[in-house]
Structures are given as structure tokens and as C-alpha cells.
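Please look over the sequence and the model shown here.

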Amino acid sequence: MTEQLQYATFAEQLGSAFTIYYGADATLEVHLVSATEQRAPTAAGHAFQLIFQSDVHEHLPQGSFLFGHPVLGEQQIFIVPIGPNAQGMRYEAIFNYV
């Protein structure tokens with residue numbers, strides 16, 4: 001599924017819902033609210049950032065979780081909680097590729 005881990009693929013899904021699977025049978029719905037591509041490639045390659053928003057203030061810890069999406073399917077994504085806002089908790093994922 002590495003072909004799906006590209007900026008353009010996620011940018012097409014802005015505003016859509018993703019399901020994070022964690023624990024035995026627990027899930028958390030988040031929405032992709034931001035996709036930002038690095039303007040110019042560096043020696044290390046390209047990079048992009050995704051911000052996901054949940055509607056609850058309790059948060060998952062930093063780590064790799066299985067994300068499900070009706071178009072993109074399932075894939076592991078490493079997220080970091082970056083803080084709450086009025087709607088709930090926000091999570092960041094950073095991707096670097098050559």
C-alpha cells in the first residue's frame with residue numbers, strides 16, 4: 001500500500017472520515033482536516049503532513065495505529081497527539097519519502 005501513502009492521495013480525501021483501530025475492539029473516528037506538502041524536495045526526499053481531528057478530548061498515545069478508510073483501505077499510520085481544540089483532539093502524521 002505504499003503507493004497510497006502519497007500527498008495527492010490523501011489531499012483528495014480532505015474532510016473524509018477515517019477509523020482508527022486500537023485496543024481489543026475499540027475504534028476512534030477522525031476526520032482529515034489538513035494535508036500540507038513540503039514546497040521543495042530536500043536531499044532526504046519529499047515530505048507531507050496530515051492533521052486528523054476527533055470529536056472527543058480523550059486522546060490516543062503517540063504510536064502506530066491501523067487506519068481504515070472506505071477509499072484508501074487499511075494502513076498503519078504513526079500519529080502524535082498535538083493537542084485539543086474546541087472540537088476535540090488533533091493528531092499529526094508526518095511522511096518522508098525519497
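Predicted model: local features only at pLDDT ≥ 70, side-chain atom pairs only at ≥ 80, totals over all residues.

Residues are numbered from 1 along each chain as its sequence is written, and side-chain values use heavy atoms, with hydrogens and water left out.

The protein chain holds one helix and six strands, where helices (H or I, at least four residues) and strands (E, at least two) are DSSP runs numbered from the N terminus. Their order along the sequence is α-β-β-β-β-β-β. Of its 98 residues, 36% count as buried, meaning under 20% relative accessible area with a 1.4 Å probe, protein chains only. The accessible surface of the protein chain is about 5600 Å², and carbon and sulfur atoms contribute 54% of that; the areas come from the Shrake-Rupley method with a 1.4 Å probe. Among contacts (heavy atoms within 4.5 Å) with a separation of 6 or more, 52% link residues 24 or more positions apart.

Two strand pairs are listed below; strands pair if DSSP finds at least two bridges between them.

| Pair | Sense | Bridges |
|---|---|---|
| Strand 4 (residues 63–69) and strand 5 (residues 73–84) | antiparallel | seven bridges |
| Strand 5 and strand 6 (residues 89–97) | antiparallel | four bridges |

Strands 4 and 5 form a hairpin with three residues between them, and Leu66 has Gln76 of strand 5 as its bridge partner. In the hairpin of strand 5 and strand 6, four residues lie between the strands, and Gly88 takes a positive phi near 155°. Pro81 is opposite Tyr91 of strand 6.

Note on methods:
Buried < 20%, exposed > 50% of the residue type's maximum accessible area, 1.4 Å probe, protein only.
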